[in-house]
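Colleague: I am new to this structure. Please show me how to read its features, one at a time.

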Amino acid sequence: MDRGNNKFVSPFIGRPNAESMAAAPSNNFQRSLKGIIAGGITGGLEICITFPTEYVKTQLQLDEKAGNKRYDGIVDCVKKTVKSHGVRGLYRGLNVLLYGSIPKSAVRFGSFEEFKRRNVDDRGVLSLQRRLLCGLGAGVCEAILAVTPMETLKVKFINDQRSANPRFKGFAHGVRTIIREQGIRGTYQGLTATIIKQGSNQAIRFFVMETCKDLYRGEDKSKHVPTLLVGLFGAVAGAASVFGNTPVDVVKTRMQGLEASKYKNTLDCAVQIFKHEGPRAFYKGTVPRLSRVCLDVAITFMIYDNFMKLFNQVWKTD
């Protein structure tokens with residue numbers, strides 16, 4: 001809201017004047033570019049550390065009540081996976097996520113940095129409303145450009161492993177098979193649910209993270225936040241996002257599975273889950289997801305903050 005004339009100004013549109021456009025474009029671009037590069041590196045490192053918990057979460061969500069239930073819980077899922085496929089079985093589908101996590105994280109942090117630099121005040125601080133909206137924008141960007149195709153492929157690969165006769169012989173073969181049979185649309189199943197999930201995820205996470213940092217810094221907005229404290233803030237932000245949108249994550253996973261064709265759309269999927277499995281089904285996999293997300297978000301923000309600190313030291317924008 002522009003208080004001078006009470007006119008609403010979109011938080012996603014900057015308000016540059018002639019002087020700032022002449023003096024700052026290269027610096028602004030470099031700030032966003034740093035976010036893209038640091039985000040990409042962060043995404044690759046983070047997924048290598050946390051993938052096993054993501055694998056278990058997805059397996060439990062796909063283990064429908066009405067069908068052939070295979071697992072009695074987290075421990076049972078891990079035991080059966082290791083017994084059937086070895087420890088490497090817990091990393092089945094890692095290459096799919098690795099290929100997607102780098103651009104996903106790059107888009108997320110790069111877009112957030114861009115939205116943030118357009119909306120900070122003279123002290124470099126985002127208002128509460130703009131923190132939420134900048135995080136939302138970052139989540140929507142990553143959902144459309146990276147997360148949806150990546151998650152769809154991941155779920156299809158994991159689901160294929162669960163079948164009696166797996167069809168996919170590798171990443172390239174699996175992608176070719178999916179596109180040949182279902183077209184590009186086959187990699188964009190559950191787009192609506194993914195946009196809702198990622199948008200709400202990042203809105204909550206960036207809001208909590210920016211708020212915690214702001215509270216810690218107090219009046220000194222340039223005060224350095226210790227890495228371990230950033231990790232703690234990240235864990236809190238991750239937990240908040242889990243309790244906020246686990247039902248959406250369950251629906252998204254079903255919509256991206258090999259049996260997604262039995263659902264007419266995202267709403268129909270949610271209705272069928274509620275009708276046949278009850279409301280508790282929407283919180284299936286919450287425990288493994290909670291542990292994964294808290295660790296994931298804590299690691300992500302710690303790695304990202306340290307790379308941005310390094311870049312700011314060796315890559316001057318002045």
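This is a predicted model: local features need pLDDT of at least 70, side-chain atom pairs count only at pLDDT 80 or more; totals for chains, interfaces and linings use all residues.

Colleague: How many helices and strands does the protein chain have?

Modeller: Helices (H or I, at least four residues) and strands (E, at least two) are DSSP runs, numbered from the N terminus. The protein chain has ten helices and zero strands. Buried residues make up 49% of its 318 residues.

Colleague: Back to the rings. How do I read an aromatic pair?

Modeller: Rings of Phe, Tyr and Trp (its six-membered ring) pair if their centres lie within 6.5 Å; planes under 30 degrees apart count as stacked, over 60 as edge-to-face and the rest as tilted. F301 is buried too, with a relative accessible area of 5%. The centres of the F206 and F301 rings are 5.7 Å apart and their planes stand at 85 degrees, so this pair is edge-to-face. F206 lies in helix α7 (residues 191-217) and F301 in helix α10 (residues 286-314), so the pair ties together parts 95 residues apart in sequence.

Colleague: Which residues form one aromatic cluster?

Modeller: F109, F112, F206, F301 and Y304 do. The whole structure holds nine aromatic pairs. Among them, F51 and Y91 are stacked, at 6.2 Å centre to centre and 25 degrees between the planes. F51 sits in helix α2 (residues 25-62), and Y91 in the loop between α3 (74-85) and α4 (94-119), 40 residues apart. F51 is buried at 0% relative accessible area, while Y91 is partly exposed at 34%.

Colleague: Where does K223 lie?

Modeller: A charge sits over a ring if NZ of Lys or CZ of Arg is within 6 Å of the ring centre and within 35 degrees of the ring normal. K223 lies over the face of Y216, at 4.5 Å from the ring centre.

Colleague: Now a single helix. How do I read α9?

Modeller: Check its span. The expected span is 1.5 Å times one less than the number of residues. Helix α9 (residues 266-277) has twelve residues and reaches 16 Å from its first C-alpha to its last, close to the 16 Å expected. Then look at the sides. Its buried residues are D268, C269, I273 and E277. They cover an arc of only 135 degrees around the axis, which puts them on the same side of α9. The arc is that of the directions from the helix axis to the C-beta atoms. On the other side, L267, F274 and K275 are exposed.

Colleague: What do the buried residues of α9 pack against?

Modeller: They pack against α8 (227-255). Contact means heavy atoms within 4.5 Å. Just after α9, G278 takes a positive phi of about 90 degrees.

Colleague: Which residues of α6 are buried, and which are exposed?

Modeller: G174, V175, T177 and I178 are buried. Their arc is only 160 degrees around the axis, which puts them on the same side of α6. R176 and R180 are exposed on the other side. The buried residues of α6 pack against α5 (128-162).

Terms used
Residues are numbered from 1 along each chain as its sequence is written. Side-chain values use heavy atoms; hydrogens and water are left out. Buried means under 20% relative accessible area, exposed over 50%, partly exposed in between (1.4 Å probe, protein chains only).
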